[in-house]
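Hi,

Here is the structure I promised to pass on. My notes follow below it.

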Amino acid sequence: MRRRPPDFRRPARRRLSNAFWWTLCFVAVLLFIFILSKGSQIESTRPVLARRSYRHERIMEGLNITEEMLNPSSIARQLSDQISLAKAFVVIAKESSNLQFAWELSAQIRNSQILLSNAATRRAPLRITEAETAIRDMALLLYQAQQLHYDSATMIMRLKAKIQTLDEQMSSVSDKSSKYGQIAAEEVPKSLYCLGVRLTTEWFRNLNLQRKLSEEKQIDMKLKDNDLYHFCVFSDNILATSVVVNSTALNSKNPDRIVFHLVTDEVNYAAMKAWFSMNNFRRVTVDVQMFENFSWLNASYVPVLKQLQDSDTQNYYFSGNGGDNRTPIKFRNPKYLSMLNHLRFYIPEVFPVLKKVIFLDDDVVVQRDVSDLFSIDLNGNVNGAVETCMETFHRYHKYLNYSHPLIREHFDPDACGWAFGMNIFDLVEWRKRNVTGIYHYWQEKNVDRTLWKLGTLPPGLLTFYGLTEPLDPSWHVLGLGYTNVDPQMIEKGAVLHFNGNSKPWLKIGIEKYKPLWEKYVDYTHPLLQSCNFH
């Protein structure tokens, strides 16, 4: 065979030697890197372990426990678990009126706690010999609790039953509270009854009072003068009406230009006439009428009068036996059967020559001159009133039955409600728009009480829908008879309204608001003193 030249022969041994050395260097580098990384991991875990150990020591120090107590198989741990369970059973036993068993559990809990306290103090684990009796006694009591069905499932059922019982009791108490509150609101205090009797007696006994009233010829002229400020109040409460008149007079810049038109019933007519004849309210003109003298007020013209005389309506309001036999207590109020409560819809008929009048409820106090109301532009509307829709529950859907198609088709459920109690009425626009006719229409549609049920505000919202001009809220501040009112609103308010059951002349009146009303009562008056007003 022919041999290759020397230049083309392979250097086999030299090539093998180079590969070996390169491999050896590579392995050495890897070993060096591994050693470095291992060392860094050891160093990095040392601070974590140190921090954990430090935190563990702090926890033990704060809880005043020992290492032995942290051991899941320790005696101290077993005692602690028994104590926790026993405390729960103590509560359940008390709820079940098993006071003897609750006392036994409490006593054994104290014994176990003493053992744990002694072990923690001496920093030594509990020995089985010293804790065996306590563990056994507690175990027997816990087993006894289980036999009494003091388990979670049973307790949940008992609590549900108790909650249901409490709900029923609360509902019953709430109904009784509403009933008694309504009775208290409807009552005529003895002092008010006494005042009415004494004033009636004085009116018929003292002919000078009647003669004095008949000699005041200028009154008739003032009653028809539209350049004066005319107010009307429909009430059978003598003292409350007196406060309205007195507060208006005392806070008026021109009391001699004020005319009050009071309408009451036949029972209180003589007493009302006597009171306002024998007292002077800064030259304010006061006229008293009784609605029984209104010839136009009859069942053929007034739908509500026909309804009020209906036996079913009276049965609904007084006996509580409505169609569903569950007439709410708040509906069973005599004021809803009083014509005085409905006269507000007949103001043009009551005062046929007047052009503008301020209507006031008898539970208000006037604490600012309100003559500027007569110059407010109502923009062609009939009723000037303060809106009450700052909250959703004072919108139309709160007062009306929107399941009825008549209501649903004609009225926006989110329309803003407003309040009776202080209203400025343009009687010229009232007559032009035939507002009383609108009221009659809706009253006749509600003969079965399906459009609304309660009071005069719902029919008022229907009657004056689109005919009401919003007034500044400071003209009429509401809520002093049932809730807390912003003190700044009270200070700025022109008319304060004690709407609600807690009237200021009743014992259930809100004490902090009574002085706002009482400062317009002259408790030194002989008749008030003789009737024990204080």
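A quick convention before the details: contact means heavy atoms within 4.5 Å. With that cut-off, and not counting residues up to four places away in sequence, Leu195 touches Ile238, Trp275, Leu527, Leu528, Cys531 and Phe533.

Keep in mind that this is a predicted model, where local features need pLDDT of at least 70, side-chain atom pairs count only at pLDDT 80 or more, and totals for chains, interfaces and linings use all residues. Numbering runs from 1 along each chain as its sequence is written, and side-chain values use heavy atoms, with hydrogens and water left out.

Leu195 is also one of the residues that touch the most other members of the largest nonpolar core, which has 61 residues. (Such a core is a set of buried Ala, Val, Leu, Ile, Met, Phe, Trp, Tyr and Cys residues joined through side-chain atoms within 4.5 Å; buried is under 20% relative accessible area, exposed over 50%, partly exposed in between, with a 1.4 Å probe and protein chains only.) Helix 9 (residues 238-250) gives the most to this core, with 7 residues. Apart from it lies another core of 46 residues, including Trp296 and Tyr402.

Across the chain, 44% of the 534 residues count as buried. I get 21 helices and 10 strands, taken as DSSP runs numbered from the N terminus (helices H or I, at least four residues; strands E, at least two).

Tyr193 sits in helix 6 (residues 190-205), and with a relative accessible area of 59% this tyrosine is exposed.

Cheers
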